[in-house]
Amino acid sequence: MTTSSRVQAQAAFVLHTRPYLETSAIVELLTLEHGRVAAVAKGMRRPSSRLKGVLQPFVPLQVDWRGKQELKTLGSAEPVGVCGLLSGPVLMCGLYVNELVQRLLPPLDPHPKLYVYYQYVMNALRGAEDIEGALRTFEHQLLKEIGYGFDLRTVTSSQLYLFEPSENQFRVVVNPAKPLWGRCFHGDDLLAIEQDCYDTAAQLQAAKRLMRLALDQQLGERPLQSRLLFKRS
């Protein structure tokens, strides 16, 4: 896969960094116009490197890079504005969001709408306001962006539905067997999820169950490291 050899002044967030060679690092970025981008930050791991303090997760950045191959070479990186750092439970949530993007978003596939939702969920985490609703909204929009949105056109509020993750489909059920209860959803909850409207605890709980089922189908057998951290904390 190739793209333009040089990109300048691109809005971005750091998703993850990992060591590369002796003093450099590979930085995974979510960018506004180019989607998920991996770039080598040369010399970032040197004690004197300015990039080490700049390339931090959850900080809005403006970055430059060059290169026609999938792995780019990072140029400059500057923070944009001032924002608070995440800590405690909201840090875990931020790591979870970043890992979802890393695992599910193809490289160099533009998703500007998802970038806006990423900003939205980061703002919610920093402000510690409506975190559950923001997370469910982001998960929902991520699934839509990668082509696995829910088709709820035939759903009515009075019915009970069984979700089939492998087919990404809902079917009407009456008196489902107990083992299926975890995949059953009331129509009114599904209609609220479609609008990302989470006014009640029941709607939030239904959305959490549904997003987990759908995301696990896309993630496969390899678990999310951020979920393991949640369990240990």
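Colleague: Which residue in β8 is the bridge partner of L162?
Modeller: That's C184. Strands here are DSSP runs of E with at least two residues, helices are runs of H or I with at least four, and both are numbered from the N terminus. Two strands count as paired if DSSP finds at least two bridges between them.

Colleague: And how many bridges join β6 to β8?
Modeller: Three, and the two strands run antiparallel. Before we go on, this is a predicted model: local features need pLDDT of at least 70, side-chain atom pairs count only at pLDDT 80 or more, and totals for chains, interfaces and linings use all residues. Residues are numbered from 1 along each chain as its sequence is written, and side-chain values use heavy atoms, with hydrogens and water left out.

Colleague: Got it. What's the strand order in that open sheet?
Modeller: β7-β6-β8, three strands with antiparallel pairing. β7 (169-172) and β8 (184-186) each have a single partner strand, so they stand at the edges, with one side of each left without a neighbour in the sheet. From one strand to the next, the twist averages 40 degrees. Angles go from 0 to 180 degrees between N-to-C directions, using axes fitted to C-alpha atoms, for helices over the stretch in contact.

Colleague: Which strands does α5 lie across?
Modeller: β6, β7 and β8, with α5 running at about 80 degrees to β8. α6 also lies across β6, β7 and β8, at about 140 degrees to β8.

Colleague: Let's pick a residue in α6. Is M211 buried or exposed?
Modeller: Its relative accessibility is 0%, so M211 counts as buried. Buried means under 20% relative accessible area, exposed means over 50%, and partly exposed is in between, with a 1.4 Å probe and protein chains only.

Colleague: What is M211 in contact with?
Modeller: Leaving aside neighbours within four places in sequence, the list is R136, E139, H140, L143, F150, I193 and Y198. Contact means heavy atoms within 4.5 Å.

Colleague: Switching topic: how many residues are in the largest nonpolar core?
Modeller: 45, and Y118, F150, F170 and L190 have the most contacts inside it. β1, α2, α3, α4 (131-145), β6 (160-164), α5 (187-194) and α6 (201-219) each supply at least two of its residues. There's also a second, separate core of 20 residues, with L29, A41, V63 and W65 among them. A nonpolar core is a set of buried Ala, Val, Leu, Ile, Met, Phe, Trp, Tyr and Cys residues joined through side-chain atoms within 4.5 Å.

Colleague: What do β4 and β5 form?
Modeller: A hairpin with four residues between them, and G67 in the turn has a positive phi of about 125 degrees.

Colleague: Last one: is S24 buried or exposed?
Modeller: S24 is buried, because its relative accessible area is 9%. S24 belongs to β2 (residues 24-31), and a polar atom of its side chain lies 3.1 Å from the backbone nitrogen of G43. Beyond four places in sequence, S24 touches P19, V40, A41, K42, G43, M44 and R45.

Technical notes: Polar contact = N/O pair within 3.5 Å; in protein donor to acceptor, adjacent residues only side chain to side chain.
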